[in-house]
Amino acid sequence: MMKLHISGNSPYARRVRVAVRACGLEDQVEEVTIKGFDHLPSESPGNKIPVLVVEPGLAISECLLISRYLDDLAGGKLSPTDPRAQVKQLEIESVASVLMDSLFARSMEKNQRDEASRSVAVLKKEADRSARCYDRLNELLDGASTDINFASIAVVSCLGYADWRNPEDDWRKSSPALVAWFDKMMEIPLFAETAPVY
Ligand SMILES: N[C@@H](CCC(=O)N[C@@H](CS)C(=O)NCC(=O)O)C(=O)O
C-alpha cells in the first residue's frame, strides 16, 4: 500500500486526494494525516506535504507530479486526449496553480509572521496576482463542464483554500461565472468530502 502524507486542509494535498478518488485508487493509497512538520517521512527532504511514499525509500513530492503518477497508474483518466482540449485544460490548471501559490504565499505572510515583519509590498503584489488569476479563471470556466480532470481539481482546490485563508479576496463578488461553476462542482462527493474544515 502506498502512503500519501497530507494535512486535511492543505490545498496542495487536496489536489492529490481528489485525484486518488477520481482514479479509483483508494485501495492502493492510504492517506496519512501528519502530526506536524517534524514528523514527515525521511523520504521527504523538502519537508512539505503532500508526499507519496510509493515504498519505503521511494517517494514523490509535488502535487502535480504525484497526481500525474497516479493518473498514469490508473490508465489516464484526468486529462483529455484531444490536443486542443488538452492545451485549454493545461491553461486552466496553470492559472489555478499560480493562484494557489499566490494564496499560499499571502497566507504564510499573514499567519506565520508577526505584524512588524510582514511585508505590505509582498501582500499587495500577491493580492494583485490573485485578482488577475480569478478574472482569467472566471473567463475560462464560464459555462464549463463539471468533468473531473486535472484542471477542475486544481481550480476547486484553490477556491476552497481562498474561502478559508483569503476571504478578503471576496472572489465571488467579481466572478459570477466561476461561482456558478464552483457551486456545481461542490455537489460532487469527492470535492465535498475533501473540502477544508475550519
Ligand atoms: N509545490 C508544492 C507545495 C506544497 C506545500 O507548500 N505544502 C505546504 C502545505 S499546504 C507545506 O508543506 N508547507 C510547509 C512548509 O512550507 O514548510 C506542491 O505542489 O506540492
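**Reading helix packing and domain contacts**

Biologist: Which crossing does helix 3 make as helix 3 passes helix 4?

Modeller: Helix 3 passes helix 4 in a left-handed crossing. Bear in mind that this is a predicted model.

Biologist: OK, and at what angle do helix 3 and helix 4 pack?

Modeller: In general, two packed helices are described by the angle between their axes and the distance between those axes. Here, helix 3 (residues 83–111) packs on helix 4 (residues 120–140) at about 150°, and their axes are 9 Å apart. Angles over 145 degrees count as roughly antiparallel, so helix 3 is roughly antiparallel to helix 4.

Biologist: Which residues make the contact?

Modeller: From helix 3, the contact includes Ile-92, Val-95, Leu-99, Leu-103 and Arg-106. Helix 4 brings, among others, Val-122, Leu-123, Ala-127, Cys-133 and Leu-137. Sorted by class, this contact has 13 nonpolar, two polar and six charged residues.

Biologist: Let's zoom out. Where do the domains fall?

Modeller: The domain assignment gives domain 1 as 2–73 and domain 2 as 83–188. Taken over C-alpha atoms, their centres are 22 Å apart. Eight residues from domain 1 and 10 residues from domain 2 take part in the contact. On the domain 1 side, helix 1 (residues 11–22) gives the most, with six residues. That side has four nonpolar, two polar and two charged residues.

Biologist: Last one: which residues are around the ligand?

Modeller: They include Ser-10, Tyr-12, Phe-37, Lys-48, Glu-62 and Leu-64. By class, the shell has six nonpolar, two polar and two charged residues.

Conventions: Residues numbered from 1 in each chain as written. Predicted model: local features only at pLDDT ≥ 70, side-chain atom pairs only at ≥ 80, totals over all residues. Near = placed C-beta within 6 Å. Nonpolar A, V, L, I, M, F, W, Y, C, P; charged D, E, K, R; others polar. Axes fitted to C-alpha atoms, helices over the stretch in contact; angles between N-to-C directions. Helix = DSSP H or I, 4+ residues; strand = E, 2+ residues; numbered from the N terminus. Parallel < 35°, antiparallel > 145°, perpendicular 65-115°, else oblique. Left-handed = near helix turned anticlockwise from the far one by under 90°. Contact = placed C-beta atoms within 7 Å. Domains from an automatic or database assignment.
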